[in-house]
Amino acid sequence: MRQKQTLSLISRAHLQYQQHLHNLLQEAGFQPSFSSLCDVILVLSMKNKVTMSMVAEALDRDRSTVTFSVQKLEQLGYVRKERSVMDSRVVYVYLTQQGMELQPIVQAITSQALQQVFGHLSTQEMDDLRRKLQGINKALHRLTRK
């Protein structure tokens, strides 16, 4: 029973964090659905041009989910897609000027949300928590990949 409660607690914490980030973004004037796009902007800000597969891997998300987010960001004018001239199956994604101007705002809001959630934990406590959650994630990954 304790294990089930722990998984429920992890799930609730994630949902509550997403709601908190959503609220902060809305207060800053962003559309309600924008919180799901923030991680893509932050990944794209780390490198000049990345593939869709690299974004999906960095976010540990399904490629179709990332494709949907990138399409939405492209419609909003924040990203641009470009096919590789060497391999037409490869699609590069990069931030537009508008996306680059948005990145520091998204970074600040995301950092604020994370600090509000995890600021009370020491570095050691964060490392311990991350290690434990990685162990749970690996166990679940092995079980679901059979």
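Student: Among contacts between residues at least 6 apart in sequence, what share joins residues at least 24 apart?

Tutor: A contact here means heavy atoms within 4.5 Å. In this predicted model, the share is 50%.

Student: How many helices and strands does the protein chain have?

Tutor: Six helices and three strands. Read from the N terminus, the order is α-α-β-α-α-β-β-α-α.

Student: What box do the C-alpha atoms fill?

Tutor: Roughly 50 × 40 × 25 Å, taken along the principal axes. The accessible surface of the protein chain is about 10400 Å². Carbon and sulfur atoms account for 53% of that surface.

Student: What percentage of the residues count as buried?

Tutor: The cut-off is under 20% relative accessible area. By that test, 27% of the 146 residues are buried.

Student: Let me try one. Is L102 buried or exposed?

Tutor: Buried, because its relative accessibility is 7%. L102 sits in helix 5.

Student: Which residues does L102 touch, leaving out those up to four places away in sequence?

Tutor: F30, F34, I41 and Y78.

Student: How far apart are the C-alpha atoms of L102 and S84?

Tutor: 26 Å. Along the chain, these two residues are 18 places apart.

Student: Now the surface. Which residues form the nonpolar patch?

Tutor: To join a patch, a residue needs over 30% relative accessible area and no salt bridge. Nonpolar side chains are then joined within 5 Å. Here the members are L7, I10, L114, F118, L129, L133, I136, L140 and L143. Together they have about 690 Å² of accessible area.

Student: Which helices supply at least two residues each to the patch?

Tutor: Helix 1 (2–27), helix 5 (97–118) and helix 6 (123–144). Helix 6 gives the most, with five residues.

Student: Take L140 as a test case. Why does it count as partly exposed?

Tutor: Partly exposed runs between the buried and exposed cut-offs, 20% and 50%. L140 counts as partly exposed because its relative accessibility is 38%. L140 lies in helix 6.

Student: Which helices supply at least two residues each to the lining?

Tutor: Helix 1, helix 2 (38–44), helix 3 (52–59), helix 5 and helix 6. Now set the two lists side by side.

Student: Next, charged pairs. How many salt bridges are there?

Tutor: The test is a side-chain nitrogen of Lys or Arg within 4 Å of a carboxyl oxygen of Asp or Glu. By this rule there are six. One of them pairs K49 with E82, with the closest N and O atoms 2.9 Å apart. That pair links distant parts of the chain, 33 residues apart. K49 is in the loop between helix 2 and strand 1 (50–51), and E82 is in strand 2 (residues 79–83).

Student: How accessible are K49 and E82?

Tutor: Both fall in the partly exposed class. K49 has a relative accessible area of 37%, and E82 has 31%.

Student: Which residue does K81 meet in a salt bridge?

Tutor: E74, at 3.6 Å from N to O. K81 is partly exposed at 30% relative accessibility. E74 is partly exposed too, at 29%.

Student: And which residue pairs with R89?

Tutor: D87, with the closest N and O atoms 2.9 Å apart. R89 counts as exposed, because its relative accessible area is 67%. D87 is partly exposed at 24%.

Student: Is D60 buried or exposed?

Tutor: Exposed, because its relative accessibility is 65%.

Methods
Residues are numbered from 1 along each chain as its sequence is written. This is a predicted model: local features need pLDDT of at least 70, side-chain atom pairs count only at pLDDT 80 or more; totals for chains, interfaces and linings use all residues. Side-chain values use heavy atoms; hydrogens and water are left out. Patches are made of residues with over 30% relative accessible area and no salt bridge: like charges are joined within 9 Å, nonpolar side chains (Val, Leu, Ile, Met, Phe, Trp, Tyr) within 5 Å. Accessible areas come from the Shrake-Rupley method with a 1.4 Å probe; for residues, only the protein chains shown count as cover. Helices (H or I, at least four residues) and strands (E, at least two) are DSSP runs, numbered from the N terminus. Buried means under 20% relative accessible area, exposed over 50%, partly exposed in between (1.4 Å probe, protein chains only).
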